[in-house]
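Here's a quick tour of one model, going from a single side chain to the core and back out to the loops. Have the viewer open as you read.

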Amino acid sequence: MAETEHAPDPSAVLDALNATDSNGTEALNATVKFVASPEGTALAYGSLVFMALLPIFFGALRSVNCSKSKELGENDYDSGFRNASDMPETITSRDAARFPIIASCTLFGLYLFFKVFSQEYINMLLSVYFFGLGVLALSHTMSPLMSRIFPESFSNKQYQLLFTQGSEESKEEIVNYEFDTKNLVCLVISTVVGVWYLLKKHWIANNLFGLAFALNGVELLHLNNVSTGCILLGGLFVYDVFWVFGTNVMVTVARSFEAPIKLVFPQDLLERGLDASNFAMLGLGDIVIPGIFIALLLRFDVSLKKNSRTYFYSSFLAYIFGLGLTIFVMHTFKHAQPALLYLVPACVGFPVVVALVKGELTEMFSYESSEELLPVSPRLTSFPTVSGSPASLASSMDAFSMATGSSPRHRRLQPTPM
């Protein structure tokens, strides 16, 4: 969902300023909302579009890299993976069909929580949860950069945090957390950002976490084929339209939910600087959902082995067109818009038209990502284990937070031969 906090009509502002009480004195305590300048509004919208494109573009590229790492059996931390538990989650058609129902139940549940319980306490609990999730996601996002910054001569020590339960022959692994010195540096930097977010709730810290969540989602949530992508986008198209236009549920939750699940940018930045407070916003779902479909098309381009990225670029341009149309309609009608209403037809329609023109429509719909690049990738319905590197824990928590809402499953600890 895309939304902006619109200012009142200028005439209403003047009326409020000129209002007088029964004694003829001016009502100086009248509350007047800041009127954003056209330049500030354009800067806010342009920044939202730019921020939305970053995780889609780089997340799609990283999704190809991690798929190749799986296929080749490489052990390269630049791709963010070290073992089987670090692999992406594959979304099947069955998962895609259930996703809008799960999302609707979660959304309505949050709405009821905000109606029944104190918003302050709910957001306090959510802030602590997203603090941990955001630190891990941001650490995973930063890890390839850190690998390039540190020289090869750097002493990179390996560590492991392991918790088990049970006897020797039936040990059950609860936590198996592998990390190294570079990971620790990423975690320290991410923790500083997390503390800043907890204490100040600053919009820059919110966006750093939001971008990390979006990039991890695009990189680590893989659609198994184009048909599954169409099912998922079609279902969420109906979900988004219903909950935005049919009820006030989504708008209420978006405004009450103080967590980095949306990107925000102030429209009054030019006037108030970093203390600006009149925000335009874009939900992460409007980035991740089309993003994983665009990433699938990039992997399809790679599978064609034609040294061309036609479907990726066409869907990427379609996303820009759809998001621009969303912002135009939102600004024109001064009302929150379900972004997927415009993004889904664009992101699906443009590549399909390209495939028809090139005569590759059948080939595109018969492409199986899980077979081509992820032969043994786990399904989304298999609850991820809290184990592996910071990358795996971040991806597991991302999938858990965005889709299932269930607790991680336990995994048997196999005894190693002496």
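H331 counts as partly exposed because its relative accessibility is 36% (buried is under 20% relative accessible area, exposed over 50%, partly exposed in between, using a 1.4 Å probe and protein chains only). You'll find H331 in helix α11, residues 310–333; helices here are DSSP runs of H or I with at least four residues, numbered from the N terminus. Y45 sits 286 residues away from H331 in sequence, yet the C-alpha to C-alpha distance is 9.7 Å.

A word on ground rules: this is a predicted model, where local features need pLDDT of at least 70 and side-chain atom pairs count only at pLDDT 80 or more, while totals for chains, interfaces and linings use all residues. Residues are numbered from 1 along each chain as its sequence is written, and side-chain values use heavy atoms, with hydrogens and water left out.

## The nonpolar core

The largest nonpolar core has 99 residues, a core being a set of buried Ala, Val, Leu, Ile, Met, Phe, Trp, Tyr and Cys residues joined through side-chain atoms within 4.5 Å. Its largest share, 13 residues, comes from helix α10, residues 285–304. L282, I287, Y311, Y319 and L323 have the most contacts inside this core.

What does Y311 touch, leaving aside neighbours within four places in sequence? Its contacts (heavy atoms within 4.5 Å) include L297, F300, L304, P351, V354 and M364, and also D301, K358 and E360.

## A greasy spot outside

In soluble globular proteins, nonpolar side chains tend to be buried together. Still, F50, L54, F58 and L61 form a nonpolar patch on the surface, with about 350 Å² of accessible area together. L61 belongs to helix α2, residues 38–72, and is partly exposed because its relative accessibility is 34%.

## Two lysines with positive phi

K305 isn't a glycine, but it has a positive phi of about 55 degrees. K305 lies in the loop between α10 and α11 and is exposed, at 66% relative accessibility.

K334 also has a positive phi of about 55 degrees without being a glycine. Its place is the loop between α11 and α12 (340–358), and its 48% relative accessibility makes K334 partly exposed.

Conventions:
Patches are made of residues with over 30% relative accessible area and no salt bridge: like charges are joined within 9 Å, nonpolar side chains (Val, Leu, Ile, Met, Phe, Trp, Tyr) within 5 Å. Accessible areas come from the Shrake-Rupley method with a 1.4 Å probe; for residues, only the protein chains shown count as cover. A salt bridge is a side-chain nitrogen of Lys or Arg within 4 Å of a carboxyl oxygen of Asp or Glu.
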